[in-house]
Amino acid sequence: MARGNGEVSNSARVIDSHTAGEPTRVVVDGGPDLGDGPIAERLRRFATHHDDFRRSVILEPRGSDALVGALLCTPADPGCAVGVIFFNNVGYLNMCGHGAIGVAVTLAYLGSVEVGELRLETPVGVVPVVLRTPNEATIENVPSYRFRSAVAVAVEGLGNVRGDIAWGGNWFFLVDATSIPGLAAITLDAEPELTEAARRIKAALVRGGVTGRDGAEIDHIEFFGPPVSADAHGRNFVLCPGAAYDRSPCGTGTSAKLACLAADGELRPGEAWVQESLIGSRFVARYRHGGANEIVPSITGEAFVCSEGTLIRDPRDPFKNGIG
Ligand code: PYC
């Protein structure tokens with residue numbers, strides 16, 4: 001848990017896991033004291049007063065660009081097992097699907113929760129979780145929706161690219177990969193081309209002033225295409241805000257995809273959608289109807305703890321707050 005004495009420790013206890021290949025580093029002790037109140041408010045305090053802690057945990061030499069951090073805090077809602085704030089190499093995430101599964105599995109590893117139901121409090125709402133086994137969890141994500149469809153943007157080197165804007169706990173621009181000239185398939189070999197195309201699309205969205213609701217930045221770009229496995233329904237590539245690609249099928253990205261499928265009448269409530277990632281790992285997703293034009297997605301995936309340790313920030317270390 002984050003400390004309660006107003007100090008930031010020079011060491012932090014962390015547990016690393018991966019969910020479908022995407023890493024999560026859970027800070028279980030030694031994080032900054034963020035006080036009480038709503039988790040969204042504590043996120044703001046984290047960003048304003050303790051961003052060096054985020055950098056130290058995620059950036060090299062202690063971390064990597066692909067890593068998502070999860071700071072555990074005392075929940076404001078006593079019905080929740082923990083409060084959690086997700087962060088990455090460039091900032092903070094509203095919600096993180098693979099990270100929520102990683103947190104649930106980490107809590108089970110620590111013996112803090114049993115297999116069964118629990119709730120996580122995030123900056124964008126309470127996320128109910130069913131821990132099915134010590135390594136498999138289903139999260140019920142925040143209500144998701146398609147905001148705009150078939151939005152055209154002029155992209156450097158790619159011409160006019162059309163995509164849907166959807167909210168799945170983060171903002172996504174979803175593009176059919178087969179519509180991009182020269183992008184053959186969503187395979188690991190094509191990762192450099194996919195990353196470059198996604199980077200250019202993101203720059204075009206910024207240039208064109210294309211945003212989510214209330215001017216929110218669209219910070220995730222998602223390509224979708226046919227699956228490789230016969231028993232999956234789709235494959236995706238998601239470029240995260242810090243320019244690393246998601247090794248998992250991205251929980252919030254899968255939620256955004258479900259919102260688009262639901263809006264197009266291509267997936268019924270309760271029907272399973274098996275989403276493959278770039279590396280072939282998978283989530284099984286379903287939805288139920290939410291409020292007007294909203295769905296409530298459920299995402300099932302597996303996570304495994306892969307290390308535990310103590311991060312040390314020696315005050316004499318010139319890179320105690322990471323490189324960059
Ligand atoms: O699983 O939602 C997710 C996610 C967001 C960024 C990285 N993973």
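Biologist: How many bridges join strand β1 to strand β16, and how do these strands run?

Modeller: This is a predicted model, in which local features need pLDDT of at least 70, side-chain atom pairs count only at pLDDT 80 or more, and totals for chains, interfaces and linings use all residues. Residues are numbered from 1 along each chain as its sequence is written, and side-chain values use heavy atoms, without hydrogens or water. Strands are DSSP runs of E of at least two residues, and helices are runs of H or I of at least four, numbered from the N terminus; two strands pair if DSSP finds at least two bridges between them. Here β1 (residues 11–19) and β16 (residues 295–312) are antiparallel and joined by 9 bridges. Val14, for instance, has Gly309 as its bridge partner in β16.

Biologist: Which residue of β2 stands opposite Asp16?

Modeller: That residue is Arg25. Strand β2 (residues 22–29) runs antiparallel to β1, with 7 bridges between them. In their hairpin, 2 residues separate the strands, and Ala20 takes a positive phi near 50°.

Biologist: Where does Asp219 lie, and is it buried or exposed?

Modeller: Buried means under 20% relative accessible area, with a 1.4 Å probe and protein chains only. Asp219, in the loop between α4 (191–207) and β12 (220–225), is buried. Its side chain makes a polar contact (N or O atoms within 3.5 Å, one able to donate a hydrogen and the other to accept it; for residues adjacent in sequence, both must be side-chain atoms) with the side chain of His220, at 2.8 Å.

Biologist: Which residues surround the ligand?

Modeller: Among them are Gly97, His220 and Asp246, where near means a heavy atom within 4 Å. An N or O atom in the side chain of Asp246 is 2.8 Å from a nitrogen atom of the ligand.

Technical notes: Buried means under 20% relative accessible area, exposed over 50%, partly exposed in between (1.4 Å probe, protein chains only). Lys and Arg count as positive and Asp and Glu as negative; His and the chain ends are not counted. A salt bridge is a side-chain nitrogen of Lys or Arg within 4 Å of a carboxyl oxygen of Asp or Glu.
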